[in-house]
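Colleague: I have a structure open and would like to learn how to read it. Can we go through some features together?

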Amino acid sequence: WPDFPVVLDNLTKHVSSINIEVNGIDSQEITVLYVCGTDHAKHCGNGFAHPNRGLVVISRKGHPCYPTDARRLVFGTEIPSEHVQGISSTAAREACKIGNSAQLHGMLHHDVATYIIRREIYGWQQPCSPMEVSFDPKSSQIIQNACPSDIDSISTGEETALLFDKFDMIDFDIITPLNELLLNDDSDLFKSDSSFAHSDDATKITNNAPKPLVSVPGAHNDIIDSRRTVFISASALAHRWRRAETKSKANDCDGTSDNALHNLRKQCDNALFFFGSKRSWLFPTNEAERRESRRQGKYEPPLFPLELSALIKEKELRIPSEVYFLKPPTLEYKGFGNGCHPINYLAPAFQGASTWLESHSLEPLILTREWWIDDGYAGRKSHTGVSGRSVVDNYEIGEHDYDSCIELLIQSNPALDPVL
């Protein structure tokens, strides 16, 4: 403290280095604007007395706009977005204190939030009890509250029925995965980097670890389904989410009790997400990634709901991660049919997905071409009608054809329920 001289100098050097690398121009005339709130402006509100160092002060909602002085490169502004206006360092610290990873990701850059959580800084507390989490669409905030106090601990699979009896009245929007609540304290788990499941450090649960809790489709089920849902398309899931929102609003209007969005939230919370996209299509961090994202689909709100984006980020942080993006971040995707790599019998893209499934105590993917082309697949019931050759052609280039992926997932793990 104060941090702004260091931030300004480092950003200027970084942008200048990019300018040299990209354009071959060594320019020191780049103007950098330091953005802060009105509280922080008390320390630097008069500007920096430098021709290329400026200040932008964002006022809180309902507060007067900070005075602009163009000669000093000081600019006061208001942000029309209520979501941005509601972001503050105090709110971020409070999210850390209660272990609310979803809210933290809603306010901070994904990498920053992940850094805080993994290093347990700023008072970060791992949630130690079941939590009720709800989403406020008006403020785009995720609200997290402690669950009823009569549930002190749940540590064994035998108490599953009690869990659902007690939690039947709770809105499970985004929660710590129930399978983690059913693990004993001495379970042998290793932390994984949920955002980079492609890496060699992808984690596995040891063979003696308990099986994960499977999905609970529907709003009020007393019996746990033996199959776990796996959503295989982010864009299709976004469409399903919007449709559920519309149906739920219609039901609210006519007084019916069926809440399609509530049911979908619960199903998604316990499901796995196996997406064929790049992560950056959903969460771009720069202009080039935004352009690519817009070419590939509709991944921005309102077509891609903010609440679903927050849930995906929250599920990424679970141990093991419940989200897998098939396409690696460095891939220059050339369109459907080109996959992630040239034909490779080892199927490296799907080998990564197979390792990820194993981390959830599931069986590895069947990536043996003889099994699919000869008698193995022929002796099984097909769920999509796709040929074994098509499945092989799909995984050997790392493509994400829906029928081929569904067949691959079900034949490898009959306990999975792939959903488009």
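**Reading a strand, its rings and a helix**

Modeller: Start with F275, which is buried, at a relative accessible area of 0%. Keep in mind that this is a predicted model.

Colleague: Is F273 buried or exposed?

Modeller: F273 is buried, and its relative accessible area is also 0%.

Colleague: How do I read the two faces of a strand?

Modeller: In a regular strand, side chains alternate between the two faces of the sheet. Now take strand β7, residues 272-275. L272 and F274 are on one side, F273 and F275 on the other. These four residues are all buried, and both faces of β7 are covered.

Colleague: Which strands are joined to β7 by bridges?

Modeller: Strand β6 (residues 228-231) is joined to β7 by 2 bridges, and the two run parallel. There, V230 stands opposite L272. Strand β8 (residues 323-325) also runs parallel to β7, with 3 bridges between them. V323 in β8 is the bridge partner of F273.

Colleague: How should I describe two aromatic rings?

Modeller: Give the distance of the centres and the angle of the planes. The structure holds 14 aromatic pairs. In one of them, F273 and F275, the ring centres are 5.2 Å apart and the planes are at 25 degrees, so the pair is stacked. For F274 and Y324, the centres are 6.0 Å apart and the planes at 40 degrees, so that pair is tilted. This second pair links distant parts of the chain: F274 is in β7 and Y324 is in β8, 50 residues apart. Both residues are buried.

Colleague: Which residues form one aromatic cluster with F273 and F275?

Modeller: F231 and F325 do.

Colleague: Where do charged side chains sit over rings?

Modeller: Look at Y333. K327 lies over its face, at 4.7 Å from the ring centre. Then go to Y345. The charged end of R369 sits over that ring, 4.6 Å from its centre.

Colleague: Now a helix. Which residues of α17 are buried?

Modeller: In α17 (residues 388-395), the buried ones are G388, V391, V392, N394 and Y395.

Colleague: Why do the buried residues of α17 line one face of the helix?

Modeller: Look down the axis of α17. Its buried residues fall within an arc of 160 degrees, so they line one face.

Colleague: What covers the buried residues of α17?

Modeller: The cover includes α14 (348-358), α15 (369-373), α16 (375-378) and α18 (402-412).

Conventions
Residues are numbered from 1 along each chain as its sequence is written. This is a predicted model: local features need pLDDT of at least 70, side-chain atom pairs count only at pLDDT 80 or more; totals for chains, interfaces and linings use all residues. Side-chain values use heavy atoms; hydrogens and water are left out. Buried means under 20% relative accessible area, exposed over 50%, partly exposed in between (1.4 Å probe, protein chains only). The arc is that of the directions from the helix axis to the C-beta atoms. Contact means heavy atoms within 4.5 Å. Two strands pair if DSSP finds at least two bridges between them. Rings of Phe, Tyr and Trp (its six-membered ring) pair if their centres lie within 6.5 Å; planes under 30 degrees apart count as stacked, over 60 as edge-to-face and the rest as tilted. A charge sits over a ring if NZ of Lys or CZ of Arg is within 6 Å of the ring centre and within 35 degrees of the ring normal.
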